Structures are given as structure tokens and as C-alpha cells.
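Trainee: Let's go through the aromatic side chains in this one. Where do we start?

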Amino acid sequence: MVPIIPFSKNIIFCFKTRGVISSMEAANREGQRQEAKASEDGVMKSTWQGKAGRSPLQALYDNYQSEQSTLQVVHHQRRELLSNICNRYTRKRRLLQRDDLRHLVVDDTHGLLYCYVPKVACTNWKRVMMVLTGQGKYQDPLEIPANEAHVPSNLRTLSEYSVPEINYRLRSYLKFIFVREPFERLVSAYRNKFTLSYNTAFHKHYGTKIIRRHRQEPSDEALERGDDVRFEEFVYYLLDPRTQQEGPFNEHWERVHSLCHPCIIQYDVVGKYETLAEDANYILQLVGADTSIKFPASPKTSRTTDDMTARFFQNISPFYQRRLFNLYKMDYLLFNYSIPSYLRIR
């Protein structure tokens, strides 16, 4: 295992070693670290193309030396709230493992780390990242098919780098994340994965299991196809102790704090789905991206809204509403979302 430990404002990625390391071995390793860092410094000085030669991270914090705009104040408040909640609820911070970095997409050209969260415009953000990292291969994010945006080889994640390279990027890159009202995101995931006919892989892998465990007297066809999971059955599945014993949730309904670890990795920008357009534009401005690069507008016709989410929760009893809220409570606290008014748990 190669764990990460938090260190001051940044995060340092360290080896967990066995046995005693000789002084010569330690010196060699330190030399290798310094050499890798020097190499990284040289690479980054030649590749960052932001405004006035600044990295996005420098651009963000340089802006705080002058009078702040309303948007800058909002993002400062989001960072402060996130830090305060982490300090209040996280007494002992665990070490991150390399697998914890699989959701951090890297843009070495502009100095960006983006933690993607499914059902929070991540397809469009991956498209934008492909334009930013594509050396001219792509010009318009919308020219990139949605399925191509999710091909792993099209974007590098932080887990693919060496330890010194990970350290450098965590210290020097602008780190950003986009979040969404937790239950709205959950209903969006349910609708996409369990109510659309083409998601047969999810029906087979998850739907059949959910129906087998949480439906009384299911039909043979339902057990075979798994394509008619009801929302209340999905909720029972999430709260079933067997589900949590089987391993982490699927990324589409995993909690954001478990995907992106915001109490260990200190994000510089916390964007919200509710203010997607202006937050995305803010990041592209920090990057110094070409003005021709626009964040794609989301279609409003198929979007999961608060009213729609409320309708899905009508058939969930207050007992299970409370348990489900407790499951996603940290996401509500960390990202300053209020308890939904439609919940009967007050």
C-alpha cells in the first residue's frame, strides 16, 4: 500500500515501508525525490499557459490580494465552511491510498486536478478536460461523444502517477470539485441506471440483486431481467447492512466525501450543480482558457429537479427517510445543503 498523509495546507504522498532502511538507501531515495521534483518544476514552468504566466492556483489566490468580487466571496465562504465542518466532524484523518485518487482527473497543461462526481455534470466536465488536454485534437466539448468522454485512456487520473509526481500536483495544481444536492443526485442516479432500457449492465448486476433481496414474491422475469427496480427497493438496498459489507457503493450513488475525500484533499474551488454555468466559467477564467472553449449547457427537459425528487420520496416512510438522510448527512453538512422540506423527519 502507498498511503497519503495530510501535511499542513497540502497533502504529501508517502511510502509505507517495511523493516529498516539503511542511510545509503535513504540518501538514494531522497536524491531521487529531489531529482523528480526538479524535473517536475522544469516541466511545469514550460507548460503552464495561464494569464501573465500564472498557474490557475496562483491566479486564484492572487485575486484575493485585491478587492474581491461577489463570486470570489462565495467561493471563499464555501472553502471556509468545508474546512470548518471537516475540523468539527473529523477527529482522526485516515491515510489515503492510491485507489482513492482514481477520481482525480489531471490536466498537466494547465495545472488542474478535477475530482469527478457522477451525476454532477461530470460527462461535460470530462469533455472540457479532453479539450484542455488534447493539444488541439478537440476544439468543441460537444463534438466529443458522451461515451468517449468516459473512456479511461482519454484522461489520466492522479492514481497513475509516481509518488513524487503525485506530491507535486497536490502542492501546485488548482484542485476543484462539483457537488449537487445529495438526494437530487441520488434520484438522478436511480432514474438513469434503473429506468432506462439501455442500461442492461446495471439491471443485471444491481437490479436482479435488489429485486431478489427486497421484493416479496418477485416474478421470474423480474429476477432474470432486473429492469423494473422501484425507488423504495433501491433505498432498502442502500440501507441494507449486506450492501455495505460487500464493499464501496457504486460511484453513481457513493457519497461525495467518499469519492473525493474533501477533508484530506483541500479543494481550492467547490462548484455547485445549482450554479453550474457561472462556477464553470469561473474555473475556465482561472485557467486562462481560450474564450472559444465554453462549458456545455445542460438540457433542462430531462434534468432531475427538486420537485421531481420530492415525488420519489412520497412513498418512503419517515423511518427510512431518516436512515437515508443519516447515510448522506456528511455531504449535506460539508457542502451546505439544507434538509429537504419534503422529508418527514423533523
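**Aromatic pairs and burial**

Mentor: Phe234 is buried, with a relative accessible area of 0%. Buried means under 20% relative accessible area, exposed over 50%, partly exposed in between, with a 1.4 Å probe and protein chains only. This is a predicted model, where local features need pLDDT of at least 70, side-chain atom pairs count only at pLDDT 80 or more, and totals for chains, interfaces and linings use all residues. Residues are numbered from 1 along each chain as its sequence is written, and side-chain values use heavy atoms, leaving out hydrogens and water.

Trainee: How many aromatic pairs does a search of the whole structure find?

Mentor: Rings of Phe, Tyr and Trp (its six-membered ring) pair if their centres lie within 6.5 Å. Planes under 30 degrees apart count as stacked, over 60 as edge-to-face and the rest as tilted. Searching the whole structure gives a count of 26.

Trainee: Are the planes of Tyr190 and Phe231 edge-to-face or stacked?

Mentor: Their ring centres are 5.3 Å apart. The planes meet at 70°, so the pair is edge-to-face.

Trainee: Which helices does that pair link?

Mentor: Helices here are DSSP runs (H or I, at least four residues), numbered from the N terminus. Tyr190 and Phe231 are 41 residues apart in the chain. Tyr190 is in α7 (residues 182-194), and Phe231 is in α10 (residues 231-239).

Trainee: Is Phe231 buried or exposed?

Mentor: Its relative accessibility is 4%. Therefore Phe231 counts as buried.

Trainee: What kind of pair do Phe194 and Phe234 form?

Mentor: The ring centres lie 5.4 Å apart. Their planes are at 50°, so the pair is tilted.

Conventions:
Helices (H or I, at least four residues) and strands (E, at least two) are DSSP runs, numbered from the N terminus.
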